[in-house]
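Please read the following report beside the sequence and the 3D view.

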Amino acid sequence: MPQGLVIKEIIRGSLAEEAGILAGFNILSINGNVLRDLIDLEFYQAEGELDLQLENPASGEQWTLTLEKDPDERLGIVLDPPPIRRCPNDCDFCFVDQMPPGQRQSLYIRDEDYRYSFLYGNFITLTNLSEKDYRRILDQRLSPLYISVHATDPAVRKRLLRNERAPDILDRIDHLIAGGIRLHTQIVITPGINDERVLDRSVEDLSARFPGVSSLAIVPVGLTGHRDNLPPVRPIDKDFARKMLTVIASYQKPFIQKWDDPFVFPADEWYVLAEKSFPSLRRYGTLPQLGNGVGMVPLFCSEWKKKILSYRKKGNFPLEFMQKESWMMVTGTAFAPTLERLLSDLGNIFPEGKPSIRKLPVENRLFGSSVTVAGLLSGNDIIETVLRANLPSGTKILVPDVALRTDSEILIDDISLEDIAFRTGLEVFPVPSDARGFWEWVESDEPLKSRGGKENLRAVAS
């Protein structure tokens with residue numbers, strides 16, 4: 001029997017806790033099925049009666065535990081994610097290759113793993129899957145998956161991926177759809193290579209497979225300031241972005257008429273680059289690619305305005321609380337103009353009690369000024385911006401959680417929120433990146449919990 005998977009955590013109040021299963025135990029199998037990763041745990045625990053084979057690694061003792069439960073009830077066992085498979089491609093626009101030097105080693109890993117696509121919505125190119133992988137995807141119905149297509153023309157796609165062994169993407173897509181797998185796709189536009197007629201063909205090919213191919217996001221190529229020794233890639237300017245928005249709108253029109261679904265969606269960054277207003281949230285359908293930066297800004301604006309109007313209608317806006325504090329909301333330069341308008345709305349709606357909350361746009365010096373999203377802000381860039389702003393004592397710095405590593409308070413350059421507080425002398429708070437979550441945070445007790453400044457952090461350090 002193999003070693004199995006180490007249990008990282010047991011959720012409080014769960015079946016596993018009630019059964020006496022402890023973190024650190026190994027889970028070897030469920031109903032005789034050996035577990036390879038957390039996907040197997042999710043798949044095999046969806047039964048009414050389970051025989052769990054467990055091991056205490058300290059003593060080597062193994063035993064079988066039988067549990068009865070509702071099929072939809074989870075055990076409450078938390079495992080680490082599986083080791084990431086590496087990407088076999090060498091794309092000119094790969095963000096990993098454009099990382100600045102000196103960062104943590106994990107940021108230089110090119111990932112290409114269908115398990116992470118299913119679990120977390122990571123995009124994959126289908127260039128490193130074996131027939132065994134396809135069988136597992138189909139047997140366990142690992143759906144939806146998120147696929148980077150870039151071009152359906154095989155020759156153009158091989159050029160973009162710099163991988164002559166890349167299989168015909170449409171054959172792979174058809175194979176998955178035939179097995180009941182739903183796909184969300186993306187095309188990263190590299191001007192002069194996969195736009196115009198190549199893009200027309202890609203949209204035609206993918207839309208012909210709707211609803212198996214459920215959506216297509218068109219994304220502008222992202223270039224950082226660290227492209228030494230990389231092939232030249234034409235950057236996207238305002239005129240090109242405006243042209244692309246017109247083209248994408250022309251694609252959407254027949255799909256809306258035919259399916260009541262736009263199918264093709266422009267990433268939010270197109271509107272920022274084009275300096276154009278965002279369409280209404282209705283234009284984004286069910287927001288199928290929100291995690292890919294499609295509709296995030298319109299959704300934030302919609303939820304923000306709804307909440308403000310709700311406060312106004314009920315007359316319970318937390319003005320008294322917000323006026324007691326001076327808050328600065330950290331944001332990337334792309335979202336800063338929108339955030340400024342939303343914050344000014346507070347004063348327009350409540351002119352007699354405007355809350356003391358302002359935006360703090362941070363220019364990305366780590367990756368270069370062309371990278372404008374909040375999710376890639378570094379701790380050092382935030383610190384430098386705060387210090388240059390010369391903010392008064394007592395100002396609270398709000399950092400969006402999208403800039404933090406998952407389940408941590410550490411930014412991409414390994415600077416923590418405590419580091420920011422220590423070096424600026426101001427209190428620093430992580431806040432939800434979505435509007436609804438932000439206002440729930442405002443209404444909770446979290447804003448009142450002190451996170452230190454220099455004095456408190458020095459006391460902790462000593």
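At 1% relative accessibility, F438 counts as buried, where buried means under 20% relative accessible area, exposed means over 50%, and partly exposed lies in between, with a 1.4 Å probe and protein chains only. This is a predicted model, in which local features need pLDDT of at least 70 and side-chain atom pairs count only at pLDDT 80 or more, while totals for chains, interfaces and linings use all residues. Residues are numbered from 1 along each chain as its sequence is written, and side-chain values use heavy atoms, with hydrogens and water left out.

**Aromatic rings**

A pair of aromatic rings is described by the distance of the centres and the angle of the planes. Rings of Phe, Tyr and Trp (for Trp, its six-membered ring) pair if their centres lie within 6.5 Å, and planes under 30 degrees apart count as stacked, those over 60 as edge-to-face and the rest as tilted. A search of the whole structure finds 21 aromatic pairs. One of them joins F95 and F367, which form a tilted pair, with 5.4 Å from centre to centre and 45 degrees between the planes. F95 lies in the loop between β6 (77–79) and α3 (114–120), and F367 in the loop between β13 (357–362) and α13 (379–389), so this pair ties together parts that are 272 residues apart in sequence. Helices (H or I, at least four residues) and strands (E, at least two) are DSSP runs, numbered from the N terminus.

The rings of W304 and F438 have centres 5.9 Å apart and planes at 15 degrees, so that pair is stacked. It also links distant parts of the chain, because W304 belongs to helix α10 (residues 296–314) and F438 to helix α15 (residues 435–443), 134 residues apart. Both residues also belong to one aromatic cluster formed by F300, W304, Y311, W327, F335, F429, F438, W439 and W441.

The table gives the accessibility of some of the residues in this report.

| Residue | Relative accessible area | Class |
|---|---|---|
| F95 | 30% | partly exposed |
| F367 | 0% | buried |
| W304 | 0% | buried |
| C301 | 16% | buried |

A ring of another kind of contact is that of Y134, since the charged end of R172 sits over it, 4.7 Å from its centre; the criterion is that NZ of Lys or CZ of Arg is within 6 Å of the ring centre and within 35 degrees of the ring normal.

A nonpolar core is a set of buried Ala, Val, Leu, Ile, Met, Phe, Trp, Tyr and Cys residues joined through side-chain atoms within 4.5 Å. The largest one has 78 residues, and those with the most contacts inside it are I21, I27, I77, L206, I218, V264 and W270. Helix α8 (residues 238–259) gives the largest share of this core, namely seven residues. A second, separate core of 23 residues includes I308, L346, I357 and L398.

Contact here means heavy atoms within 4.5 Å. Not counting residues up to four places away in sequence, I27 touches G4, L5, I7, L35, L41, Q53, L54, I77 and L79.

In α13, the buried residues are G379, D381, I382, I383, T385 and V386, and what covers them includes β12 (326–332), β13, β14 (395–400) and α14 (417–424). Just after α13, N390 takes a positive phi of about 50 degrees.

Two strands pair if DSSP finds at least two bridges between them. Five strands make an open sheet in the order β7-β8-β9-β10-β11, with parallel pairing, and its edge strands, β7 (123–124) and β11 (264–266), each pair on one side only. Strand β8 (residues 145–148) is joined to strand β9 (residues 183–189) by four bridges, and the two run parallel. The bridge partner of Y146 in β9 is H184.

The structure holds zero disulfides, a disulfide being a pair of cysteine sulfur atoms within 2.5 Å. C87 is in no disulfide, and the nearest cysteine sulfur, that of C91, is 6.0 Å away.

N26 is found in strand β2 (residues 26–30) and counts as buried at 3% relative accessibility. Leaving out residues up to four places away in sequence, N26 touches Q3, L5, V6, Q53, L54, E55 and P57.

S416 has its place in the loop between β14 and α14 and is buried, with a relative accessible area of 16%. With residues up to four places away in sequence not counted, S416 touches E409 and I410.
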